[in-house]
Amino acid sequence: SASIDIIYLPLNAHKLRNYKCSLKIVSGPKFNFLLNGTARKPGINLSFLQYDFGPCFVTRQPMSIKAELELVNNDNSAISIETNFEKKPHMDVQLSPGEVLLPSTKDKEEKLVIPIVFTPREIQKYKEVV
């Protein structure tokens, strides 16, 4: 038994229609596939795309500064929220694995608040992409 993952990651809105793909097994059969898919940007709003923690004091006992990234789902379906960011001594993105943000309605805004904790440990400029 084997499994194959096919990942479709277009950068813009896109329709994939009847894309021909084949799989040939050495000394075995050939399988032909037609792939179809649709992609669009999710209707999600972020409270910021860039954040500057500003000048910070570096002390023996490190002091943390927290920013809160708010996500609002204006889409019509639930959205899975994940990050590849790995915790570092100076930065932590406190997002639990498998977070799902439900769609907002006219009566209730669905919001996810993600704490981003910065703890400067040395006098230097820091820059991270989350």
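Where is the place of Ser 27? Ser 27 sits in the loop between β1 and β2, with strands (E, at least two residues) and helices (H or I, at least four) taken as DSSP runs numbered from the N terminus. Before we go on, please keep in mind that this is a predicted model, in which local features need pLDDT of at least 70, side-chain atom pairs count only at pLDDT 80 or more, and totals for chains, interfaces and linings use all residues. Residues are numbered from 1 along each chain as its sequence is written, and side-chain values use heavy atoms, with hydrogens and water left out.

Ser 27 has a positive phi of about 55° although it is not a glycine. Asn 18, found in strand β1, is another non-glycine residue with a positive phi, near 50°. The table below gives the accessibility of residues in this region; buried means under 20% relative accessible area, exposed over 50%, and partly exposed in between (1.4 Å probe, protein chains only).

| Residue | Relative accessible area | Class |
|---|---|---|
| Asn 18 | 46% | partly exposed |
| Ile 25 | 37% | partly exposed |
| Ser 27 | 82% | exposed |

Ile 25 lies in the loop between β1 (14–24) and β2 (30–39). Together with Phe 31 and Phe 33, Ile 25 forms a nonpolar patch on the surface, with about 260 Å² of accessible area in total. Such patches are made of residues with over 30% relative accessible area and no salt bridge, nonpolar side chains being joined within 5 Å. Here a salt bridge is a side-chain nitrogen of Lys or Arg within 4 Å of a carboxyl oxygen of Asp or Glu, and accessible areas come from the Shrake-Rupley method with a 1.4 Å probe.

Leaving aside neighbours within four places in sequence, Ile 81 is in contact (heavy atoms within 4.5 Å) with residues including Ile 44, Leu 95, Glu 99 and Leu 101.

**A buried histidine**

His 90 is in the loop between β5 and β6 and counts as buried, at 13% relative accessibility. The side chains of His 90 and Glu 128 are joined by a polar contact of 2.8 Å, that is, a pair of N or O atoms within 3.5 Å, one able to donate a hydrogen and the other to accept it within protein, where residues adjacent in sequence count only if both atoms are side-chain atoms.

Key: Patches are made of residues with over 30% relative accessible area and no salt bridge: like charges are joined within 9 Å, nonpolar side chains (Val, Leu, Ile, Met, Phe, Trp, Tyr) within 5 Å.
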